[in-house]
Protein chains: 2
Amino acid sequence: MSTYTAPSQDIHFVLNEIAGLGDVASLPGLEDATPDLVEAVVEEAGKLASDVLAPLNRSGDIENCHFENGVVRTPKGSKDAYRQFIEGGWNGVPFDPDFGGQGLPWLVSTAVSEIWNSANMAFSLCPLLTQGTIELLTTHGSEELQTTFLEKLISGEWNGTMNLTEPQAGTDLARIKSRAVRDGDHYRISGQKIFITYGEHDLTDNIIHMVLARLPDAPEGVKGISLFLVPKFLVNADGSLGERNDLKCVSIEHKLGINASPTAVMSYGDNDGAIGYLVGAENEGIKCMFTMMNNARLAVGLEGVAIAERAYQQARDYALERVQSRDASSNSPDAVTIIHHPDVKRMLLSMKSRTEAARALAYSAAGTLDAANRHPDDAKRASAQALLDLLIPVVKAWSTDIGIDVANTGVQVHGGMGYIEETGAAQHLRDARIASIYEGTNGIQAIDLIGRKVARENGETVSTLIADIRRFAPTTTNDDLAAIAERLETATNALEKATAWVVETFPTDPNAVLAGANSYLSLLGLTLGGWMMGRTAEISLNKLEMGQGDAAFYKAKIISARFFADQVLIEAASYHEKIVSGSVSITASDFSVS
Amino acid sequence: MSTYTAPSQDIHFVLNEIAGLGDVASLPGLEDATPDLVEAVVEEAGKLASDVLAPLNRSGDIENCHFENGVVRTPKGSKDAYRQFIEGGWNGVPFDPDFGGQGLPWLVSTAVSEIWNSANMAFSLCPLLTQGTIELLTTHGSEELQTTFLEKLISGEWNGTMNLTEPQAGTDLARIKSRAVRDGDHYRISGQKIFITYGEHDLTDNIIHMVLARLPDAPEGVKGISLFLVPKFLVNADGSLGERNDLKCVSIEHKLGINASPTAVMSYGDNDGAIGYLVGAENEGIKCMFTMMNNARLAVGLEGVAIAERAYQQARDYALERVQSRDASSNSPDAVTIIHHPDVKRMLLSMKSRTEAARALAYSAAGTLDAANRHPDDAKRASAQALLDLLIPVVKAWSTDIGIDVANTGVQVHGGMGYIEETGAAQHLRDARIASIYEGTNGIQAIDLIGRKVARENGETVSTLIADIRRFAPTTTNDDLAAIAERLETATNALEKATAWVVETFPTDPNAVLAGANSYLSLLGLTLGGWMMGRTAEISLNKLEMGQGDAAFYKAKIISARFFADQVLIEAASYHEKIVSGSVSITASDFSVS
């Protein structure tokens with residue numbers, strides 16, 4: 001069975017050297033995030049992950065969730081693990097101490113979340129969805145709702161869920177049909193929701209559903225959708241659990257992966273209508289949802305990083321043990337561990353370097369999120385928010401594509417054993433596969449990026465970012481740094497040209513631009529990843545020159561950055577042409593014939 | 001449930017226009033392969049595939065194989081489907097009519113195999129492995145063995161298996177430990193074999209195992225391995241089944257996919273030793289295996305094409321039906337079928353164009369195989385063989401990577417439904433995933449290509465091929481053709497430069513070259529794919545200009561070729577640098593630290 005060890009050294013490197021934990025900890029309200037505390041937090045999280053969550057990853061996948069008569073039973077061990085998780089206070093890491101949270105930066109919460117997701121992605125979905133519920137409630141909930149629900153959600157005693165999707169309304173929330181009618185101080189909700197993660201289970205006493213529904217007099221489309229809090233059990237005035245609400249789990253899905261997490265079909269209001277409480281104003285449900293979207297998409301992007309790390313650890317450990325074939329550069333006839341073979345090294349470096357680049361980018365976005373939330377300077381807060389809005393679709397889509405790709409390579413490193421489920425490598429691929437789909441498909445991320453984030457603001461934020469990237473110009477004779485800088489410049493030039501084309505073309509020919517949306521997102525991801533790895537190499541070289549820290553660690557970082565530049569970032573060169581030329585064939589196609 | 005319709009129009013286009021069925025049918029012994037006959041064969045295969053095999057694809061995946069006390073039961077319907085398959089004579093399409101085969105070209109057999117694999121890959125593995133057994137027996141078996149076994153293998157009454165792998169010997173067959181001792185006119189075999197596809201099942205009365213084992217006095221390494229035919233039931237002089245041989249299935253694997261096909265752990269000789277008959281000379285087992293390797297690798301490459309086609313059909317059909325979101329280029333607020341959205345078109349074109357390129361390449365290799373086997377001119381036969389040897393690793397690795405990639409994109413087109421197993425899109429990804437692993441991992445293919453096929457012969461065959469590709473120079477003012485030709489030239493230049501570097505560097509620094517092996521294979525695959533699609537576009541344009549045939553079909557072919565050039569082939573430009581620079585970081589890495 002594969003084990004998991006939190007990559008603490010990598011995590012601290014990115015927190016401190018790339019994502020600016022020092023700056024984040026100087027933001028108002030985040031002063032507790034001292035280096036010592038953060039180190040202790042990461043260490044403790046690593047222990048819980050290795051000892052409790054990781055061992056359940058495979059058994060939970062095999063056992064799956066059980067559904068019978070509206071009741072869902074999670075796999076063996078989940079309940080006890082969840083109890084340990086919330087007893088450790090892990091459910092409330094980034095939340096308001098007034099409601100029992102730890103009050104730590106999102107940046108630190110991001111590092112900790114990576115660890116949970118590496119250890120057990122299916123398990124980690126429960127706190128992830130609760131996190132979204134807490135944010136919605138914190139930002140838009142009435143004081144009464146906050147008083148009743150927030151503390152128990154932050155402690156994890158209760159969990160939260162997101163009820164957006166209906167069979168006819170996935171990406172297109174305008175088509176939501178679930179109904180809400182006013183009934184005194186509350187509403188009565190009815191309708192069917194699908195793909196509800198942890199919509200029903202046995203980990204908590206109550207489940208707090210956040211449900212999008214339409215009032216009878218609501219306008220058409222997305223501007224007629226309201227958000228409701230619909231608890232599984234109503235809550236009495238004294239906080240104790242009251243009557244069961246009129247909602248039930250109809251079935252759970254058979255999925256490709258994340259099998260230890262129940263994905264429920266929920267039915268609301270089969271009898272008198274489920275009692276729901278309005279969150280935010282009527283008809284502003286979608287607007288409310290947007291406030292938690294950056295965080296949720298960051299969290300899903302991080303799943304890509306987390307699965308990639310787990311898959312990498314497993315493949316590396318296998319390659320260090322598996323003996324097969326002689327070394328082509330040696331005269332010895334003896335077989336060697338496969339990690340000696342160049343093509344295996346290539347696969348592992350591809351896994352490692354992309355994981356590192358994606359981690360650096362995700363953590364940077366998390367640091368930017370903290371600045372956008374808390375920077376005392378209005379202008380700094382605004383520019384951080386603009387940068388965050390630009391980064392989020394890239395973190396979500398680019399990192400989850402990397403998660404799939406790295407897990408896929410992990411299977412390959414194992415050869416035939418990779419295809420056997422007992423090995424566990426295949427599970428990583430199955431689990432990783434969802435992350436490019438939910439929380440807005442990666443196609444939607446690309447459209448969001450190119451339309452809403454780049455074209456609409458005439459490429460302003462991306463231009464500022466490009467100027468920042470161009471400031472990476474190491475004055476060194478080091479071959480690796482020079483090679484990385486050169487590749488990064490080529491990529492940045494391509495990004496600049498592509499951005500100009502997007503801004504110019506979008507107003508008159510949106511479909512031509514949308515045909516290149518996916519490639520544009522890839523180009524931005526590659527360039528940002530190259531920049532992150534370039535900075536990584538530069539910092540590592542400095543450390544080595546100054547004789548500071550773990551030399552082997554820094555040397556490996558430079559090799560990884562060089563690989564990323566030569567083998568991954570290099571692809572950026574063709575992307576400007578890819579983007580510009582894409583529309584020719586794509587727009588012409590109609591698929592009326594096969 | 002997803003259906004499957006054989007893409008007859010595409011298949012006939014590639015057979016006739018790209019892979020040269022006319023030339024193949026003029027080879028001695030293949031004269032029966034007239035256009036009419038081939039059309040009828042493809043049509044009948046399509047019917048059996050759609051009506052019988054495809055409907056079992058999903059049910060077989062769910063039900064899986066059952067193992068109890070050494071007995072394997074295949075999923076419901078498999079037995080009846082297999083009966084229909086062999087009654088139709090489909091098991092013997094390319095084999096000697098003297099033993100009951102149909103005597104058709106490998107090119108035609110390849111088209112038919114694509115159809116089986118699209119319909120039901122797990123099912124199709126049974127005839128695929130039998131095919132290998134038949135080839136080994138035909139080429140290396142004694143007359144007595146041929147008389148006893150060939151007819152029943154060709155009819156499919158009995159099936160054949162390949163027993164190479166042992167726990168410590170996968171890629172590295174030198175490490176095989178299974179033993180064979182002489183015992184009169186036969187041998188006694190003992191040892192354990194793993195990953196034996198259809199090693200035990202209930203489809204046939206007898207199972208003919210081809211087993212690699214080592215004689216007591218054999219030399220070390222691969223030159224001390226012999227090949228034995230070991231039947232499950234011994235065969236009496238009159239051809240009836242005799243005693244059960246001393247071999248058994250110990251267990252079957254739980255796999256990521258191809259679940260309807262049993263993958264057995266086999267144990268030989270737990271009692272007196274399994275009776276086996278030598279095939280070929282003693283200690284020449286590996287050499288014998290090589291004779292069927294090109295065919296087997298072509299067959300696996302074709303699995304990539306087949307799954308890609310199936311995944312494409314399913315994704316296209318879903319996109320034609322699923323209504324979601326408005327058209328960005330229209331003023332209407334109404335939601336449209338998602339096939340109108342540029343990013344969905346991009347995904348479908350990516351699936352379609354790569355499937356077409358991989359099909360054209362695989363069929364071309366099959367046509368070359370027929371020429372290598374049967375051309376009356378010695379020199380032509382030799383040059384066909386050299387070309388085939390070069391093409392095979394590309395067909396195997398490039399097409400199976402495409403299979404995975406296309407199936408992965410197919411999941412994405414389905415959005416959330418893609419992750420639900422009932423949809424069937426995820427199964428294609430799970431099934432496709434094995435093809436890059438078995439029959440020599442894709443890493444091994446790349447090493448075989450760059451070492452044994454390119455470096456060892458100083459790039460001679462690839463240079464001939466490059467000269468052929470350069471002959472594609474359409475004299476036309478058509479924009480699409482011109483754009484395709486330009487991209488192809490860039491790719492060909494990169495291939496030429498990379499080849500020169502490989503030839504020059506391999507003798508002194510094999511590991512540097514091996515570090516770039518995967519990229520070199522990708523570059524050759526891309527270039528060949530671009531050439532195939534260029535020829536496709538050129539032929540299609542001619543047909544359109546002459547007003548021949550189905551205009552919509554040919555227009556779609558040109559769009560697909562243009563997409564391939566602009567979005568796929570374009571990547572070839574960076575490959576020379578990728579190959580050359582790869583060794584810098586790869587060779588430096590050691591993974592002693594994470």
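Me: How many C-beta neighbours does Asp246(B) have inside 10 Å, and what does the residue count as?

Reply: Asp246(B) has 19 C-beta neighbours inside 10 Å, so it counts as partly exposed. A residue is buried if 20 or more other C-beta atoms lie within 10 Å of its own, exposed if 12 or fewer, and partly exposed in between, with C-beta atoms placed from the backbone. This is a predicted model, in which local features need pLDDT of at least 70 and side-chain atom pairs count only at pLDDT 80 or more, while totals for chains, interfaces and linings use all residues. Residues are numbered from 1 along each chain as its sequence is written, and chains are lettered from A and ligands numbered from 1 in the order in which they are written.

Me: Where is Asp246(B) found, and which residues is it in contact with?

Reply: Asp246(B) sits in the loop between β9 (241-244) and β10 (247-252) of chain B. Helices (H or I, at least four residues) and strands (E, at least two) are DSSP runs, numbered from the N terminus. Two residues are in contact if their C-beta atoms, placed from the backbone, lie within 7 Å. Leaving aside neighbours within four places in sequence, the contacts of Asp246(B) are Gly269(B), Asp270(B), Asn271(B), Asp272(B), Gly273(B) and Ala274(B). Asp272(B) is 26 residues from Asp246(B) along the chain, with 7.0 Å between their C-alpha atoms.

Me: Is Ala537(B) buried or exposed?

Reply: Ala537(B) has 27 C-beta neighbours inside 10 Å and therefore counts as buried. Ala537(B) belongs to helix α17 (residues 517-545) of chain B. Not counting residues up to four places away in sequence, Ala537(B) touches Asp480(B), Leu481(B), Ile484(B), Lys557(B), Ile558(B) and Ala561(B). From Ala537(B) to Tyr554(B) is 17 residues in sequence and 7.9 Å in space, C-alpha to C-alpha.

Me: Where does Ser178(A) lie, and is it buried or exposed?

Reply: The loop between β3 (158-163) and β4 (179-183) of chain A holds Ser178(A). Ser178(A) is buried, with 22 other C-beta atoms within 10 Å.

Me: How do strands β4 and β5 of chain B run relative to each other?

Reply: Two strands pair if DSSP finds at least two bridges between them. Strand β4 (residues 179-183) and strand β5 (residues 186-197) of chain B run antiparallel, joined by 5 bridges. Arg179(B) stands opposite Ser190(B) in β5(B). The two strands form a hairpin with 2 residues between them, and Gly184(B) in the turn has a positive phi of about 70°.

Me: Which residues other than glycine have a positive phi?

Reply: Phe195(A) is one of them, with a phi of about 60°. Phe195(A) lies in strand β5 (residues 186-197) of chain A and is buried, with 26 other C-beta atoms within 10 Å. Asn64(B) has a positive phi near 70°. Asn64(B) occupies the loop between α4 (55-63) and β1 (66-68) of chain B, and counts as partly exposed with 18 C-beta neighbours inside 10 Å.

Me: At what angle do helix α19 of chain A and helix α10 of chain B pack?

Reply: Axes are lines fitted to C-alpha atoms, for helices over the stretch in contact, and angles run from 0 to 180 degrees between N-to-C directions. Helix α19 (residues 575-588) of chain A and helix α10 (residues 342-374) of chain B pack at about 85°, with their axes 9 Å apart. α19(A) is therefore roughly perpendicular to α10(B); under 35 degrees counts as roughly parallel, over 145 as roughly antiparallel, 65 to 115 as roughly perpendicular and the rest as oblique. Gly582(A), Ser585(A) and Ile586(A) of α19(A) make the contact with Pro342(B), Lys345(B), Arg346(B) and Leu349(B) of α10(B). These residues divide into 3 nonpolar, 2 polar and 2 charged. Ala, Val, Leu, Ile, Met, Phe, Trp, Tyr, Cys and Pro count as nonpolar, Asp, Glu, Lys and Arg as charged, and the others, Gly among them, as polar.

Me: How many residues does the contact take from each chain?

Reply: The contact takes 77 residues from chain B and 77 residues from chain A. On the side of chain B that touches chain A, 36 are nonpolar, 25 polar and 16 charged.
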